[in-house]
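Visitor: I have a model open and want to learn how to read it. Where do we begin?

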Amino acid sequence: MSKIIDNELEDAILNLPVKERNKLLLRLIRKDKILTEQLHFKLLEHPEIDLKLRESEIYEYIEDYLFKRRGQSNKTVLLRLREVFSKISHHHKITGDKIGEVRLSVRAVLVTCKYHQDAFENEFRSDTEKLTIFIRRKVSAMLNKYQKIHEDYKIEFFDQINESLEFLENLKNKIPKQKVSLPTNIVE
């Protein structure tokens, strides 16, 4: 990644009086919502307790938004999934919590596969294909992140991921145009 500012400007900024530099820094931080949230999390929140609270909020959101609202159309399920994964992505951006990101992604995919099977049933609708492709892409990304976490955490997700992969493997017969290839299962 190329540097946004050159070395000369960087040195000049670092040589500014502390009061002036802090004033400029605060002005810049106020303009970036993500950076503000990241700093709030890093500087003001407890690293373990607040991380669990943030994760549990999204977990509850998944439960309310996907689990408790069954029988939705495939288009509605897709919209809900996009919102859920947006929240998961935002959580990771703010906290840097890779394990929580995998845990939440696994839960969202599993709930969708288990309780919204009917959304995948209509094989001739373009919304069904969009939903299938979306969930397969999310599973593919989740598997990449899963491979990068420590072995001790992988055990927690093993059965749930395999259950989701089995469901998606069975969809292959219903929707022939699969643009994202996935393994049939993962091994311990």
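This is a predicted model: local features need pLDDT of at least 70, side-chain atom pairs count only at pLDDT 80 or more; totals for chains, interfaces and linings use all residues.

Visitor: How do helices 5 and 6 run relative to each other, and at what angle do their axes cross?

Guide: Look at the angle between their N-to-C directions; over 145 degrees counts as roughly antiparallel. Here the axes of helix 5 (residues 74-95) and helix 6 (residues 98-115) cross at roughly 170° and come within 9 Å. That makes the two helices roughly antiparallel.

Visitor: Which residues make that contact?

Guide: Helix 5 supplies V77, L81, V84, F85, I88, H91 and H92. Helix 6 supplies K98, E101, L104, S105, A108, V109 and T112. Sorted by class, the contact has 8 nonpolar, 4 polar and 2 charged residues.

Visitor: Now helix 4 and helix 6. At what angle do their axes cross?

Guide: Roughly 10°, and the axes come within 10 Å. Angles under 35 degrees count as roughly parallel. Helix 4 and helix 6 are therefore roughly parallel.

Visitor: Which residues of the two helices touch?

Guide: From helix 4, take K52, E55, I58, Y59, I62, E63, L66 and F67. From helix 6, take G100, R103, L104, R107, A108, V111, T112 and Y115. By class, that contact has 9 nonpolar, 2 polar and 5 charged residues. Note that L104, A108 and T112 of helix 6 are listed here, and they are also listed in the contact with helix 5.

Visitor: On to rings. How many aromatic pairs does the structure hold?

Guide: There are 4. To read one, check the distance between ring centres and the angle between planes. Take Y61 and Y65: their centres are 4.7 Å apart and their planes lie at 20°, so this pair is stacked. Both residues sit in helix 4 (residues 49-67), 4 residues apart, about one turn of the helix.

Visitor: Are Y61 and Y65 buried or partly exposed?

Guide: The cut-off for buried is under 20% relative accessible area. Y61 has 22%, so Y61 is partly exposed. Y65 has 14%, so Y65 is buried.

Visitor: What is the geometry of the F120 and F167 pair?

Guide: Edge-to-face: the ring centres are 5.2 Å apart, with 75° between the planes. This pair links distant parts of the chain, 47 residues apart. F120 is in the loop between helix 6 and helix 7 (126-148), and F167 is in helix 8. F120 is buried at 0% relative accessibility. F167 is buried as well, at 15%.

Visitor: Now a single residue. Which polar contacts does the side chain of T95 make?

Guide: Start with its place: T95 lies in helix 5. A polar atom of its side chain lies 2.7 Å from the backbone oxygen of H91. The T95 side chain also reaches the backbone nitrogen of D97, at 3.2 Å. Beyond neighbours within four places in sequence, T95 is in contact with F41, L51 and R54. With 16% relative accessibility, T95 counts as buried.

Visitor: And K154: is this lysine buried or exposed?

Guide: Read the accessibility value, not the residue type. K154 has 9% relative accessibility, so K154 counts as buried. K154 is found in helix 8 (residues 151-171). Not counting residues up to four places away in sequence, K154 touches Y146, Q147 and I149.

Notes
Residues are numbered from 1 along each chain as its sequence is written. Side-chain values use heavy atoms; hydrogens and water are left out. Axes are lines fitted to C-alpha atoms, for helices over the stretch in contact, and angles run from 0 to 180 degrees between N-to-C directions. Angles under 35 degrees count as roughly parallel, over 145 as roughly antiparallel, 65 to 115 as roughly perpendicular and the rest as oblique. Contact means heavy atoms within 4.5 Å. Ala, Val, Leu, Ile, Met, Phe, Trp, Tyr, Cys and Pro count as nonpolar, Asp, Glu, Lys and Arg as charged, and the others, Gly among them, as polar. Buried means under 20% relative accessible area, exposed over 50%, partly exposed in between (1.4 Å probe, protein chains only). A polar contact is a pair of N or O atoms within 3.5 Å; within protein, one must be able to donate a hydrogen and the other to accept it, and residues adjacent in sequence count only if both atoms are side-chain atoms. Rings of Phe, Tyr and Trp (its six-membered ring) pair if their centres lie within 6.5 Å; planes under 30 degrees apart count as stacked, over 60 as edge-to-face and the rest as tilted.
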